[in-house]
Amino acid sequence: MTRLAILGSGNGTNAQQITEYFAGRGDVEVCCIVYNVKDAYIAQRAKNLGVEARYFGRKDFYETGAALEYLRQKQADWVILAGFLWLVPPAMLEAFPGRIINIHPALLPAYGGKGMYGHHVHEAVVANHETESGITIHLVDQEYDRGTTLFQARCEVTPDDTPDSLAAKIHLLEKEHFPRVIDETIQSHR
């Protein structure tokens, strides 16, 4: 059984889709959801899904190592970032070499890096009158949004698009592709 730990900071829609995708599979399961914003809705989603969720603040990620110790206790094999907004600490990168996957709401390397997440990305894409955007699913390294690209999917950006309408297009791409690409990546590493 391959065990996935999901890290998130917000609403948790991707965490829910990933958990539901693997539910009942028998070869892959979501073993826990870790979040770093106390009142994030992802905690409620985890409860609704019957998945253990645990909050860890900045100190527990970067100083005490409590978050990493929890992932070890849960026997996680892979770490999936689903709207997780912090840079992954070096100790976690070392503990899961080549086994941390992130999704970014743009076509990296464009619109990546510190501060470029969620609505900030969509606002920049629309403001720059881009004709396309999309998602990038990639392995995580020591820099924001710089790890090896596993998959990209594109969508058209029209002159009528707003950050909100673009976000809706991006969410559809995430739903369609993120769980499947995670699955394919795990299977290719067995």
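This is a predicted model: local features need pLDDT of at least 70, side-chain atom pairs count only at pLDDT 80 or more; totals for chains, interfaces and linings use all residues.
Me: Great. Let's begin with H1 and H7. At what angle do their axes cross?
Reply: Helix H1 covers residues 13-22 and helix H7 covers residues 163-188, and their axes cross at roughly 55°. The two axes come within 9 Å.

Me: Why give me both an angle and a distance?
Reply: Because two packed helices are described by the angle between their axes and the distance between the axes.

Me: OK, so are H1 and H7 parallel or oblique?
Reply: Oblique: angles under 35 degrees count as roughly parallel, and the H1 and H7 pair is therefore oblique.

Me: And is that crossing left-handed or right-handed?
Reply: H1 passes H7 in a right-handed crossing.

Me: Which residues meet there?
Reply: From H1 you have Asn14, Gln17, Ile18, Tyr21 and Phe22. On the H7 side they meet Glu174, Lys175, Phe178, Pro179, Arg180, Ile182 and Asp183. Sorted by class, the contact of H1 with H7 has 6 nonpolar, 2 polar and 4 charged residues.

Me: What about H1 and H2, how do they cross?
Reply: Helix H2 runs over residues 42-49, and its axis crosses that of H1 at roughly 20°. Those axes come within 9 Å. That angle makes H1 roughly parallel to H2. H1 passes H2 in a right-handed crossing.

Me: Who makes the contact?
Reply: H1 brings Thr13, Ala15, Gln16, Thr19 and Glu20, while H2 brings Ile42, Arg45 and Leu49. The residues of this H1 and H2 contact divide into 3 nonpolar, 3 polar and 2 charged.

Me: Switching to H6 and H7, what's the angle there?
Reply: Their axes cross at roughly 115° and come within 9 Å. H6 passes H7 in a right-handed crossing.

Me: And which residues meet?
Reply: His119, His122, Glu123, Val125 and Val126 in H6 meet a set from H7: Pro163, Asp164, Leu166, Ala167 and Ile170. By class, the contact of H6 with H7 has 6 nonpolar, 2 polar and 2 charged residues.

Me: How does the lining split by class?
Reply: The lining of the largest pocket has 15 nonpolar, 16 polar and 5 charged residues.

Me: Now the backbone. Where is the cis peptide bond?
Reply: A cis peptide bond joins Leu108 and Pro109, with omega about 15°. Pro109 sits in the loop between S5 and H6.

Me: And what is the phi of Gln75?
Reply: Phi of Gln75 is near 55°, a positive value in a residue other than glycine. Gln75 is in the loop between helix H4 (66-73) and strand S4 (78-81).

Me: Last one, Ala124. Where is it found?
Reply: Ala124 belongs to helix H6. Leaving aside its neighbours within four places in sequence, Ala124 is in contact with Tyr111 and Met116.

Me: How far apart are Ala124 and Val28?
Reply: In sequence, Ala124 and Val28 are 96 residues apart. In space they are 36 Å apart, C-alpha to C-alpha.

Methods. Residues are numbered from 1 along each chain as its sequence is written. Side-chain values use heavy atoms; hydrogens and water are left out. Axes are lines fitted to C-alpha atoms, for helices over the stretch in contact, and angles run from 0 to 180 degrees between N-to-C directions. Helices (H or I, at least four residues) and strands (E, at least two) are DSSP runs, numbered from the N terminus. Angles under 35 degrees count as roughly parallel, over 145 as roughly antiparallel, 65 to 115 as roughly perpendicular and the rest as oblique. A crossing is left-handed if the near helix is turned anticlockwise from the far one by less than a right angle, and right-handed if clockwise. Contact means heavy atoms within 4.5 Å. Ala, Val, Leu, Ile, Met, Phe, Trp, Tyr, Cys and Pro count as nonpolar, Asp, Glu, Lys and Arg as charged, and the others, Gly among them, as polar.
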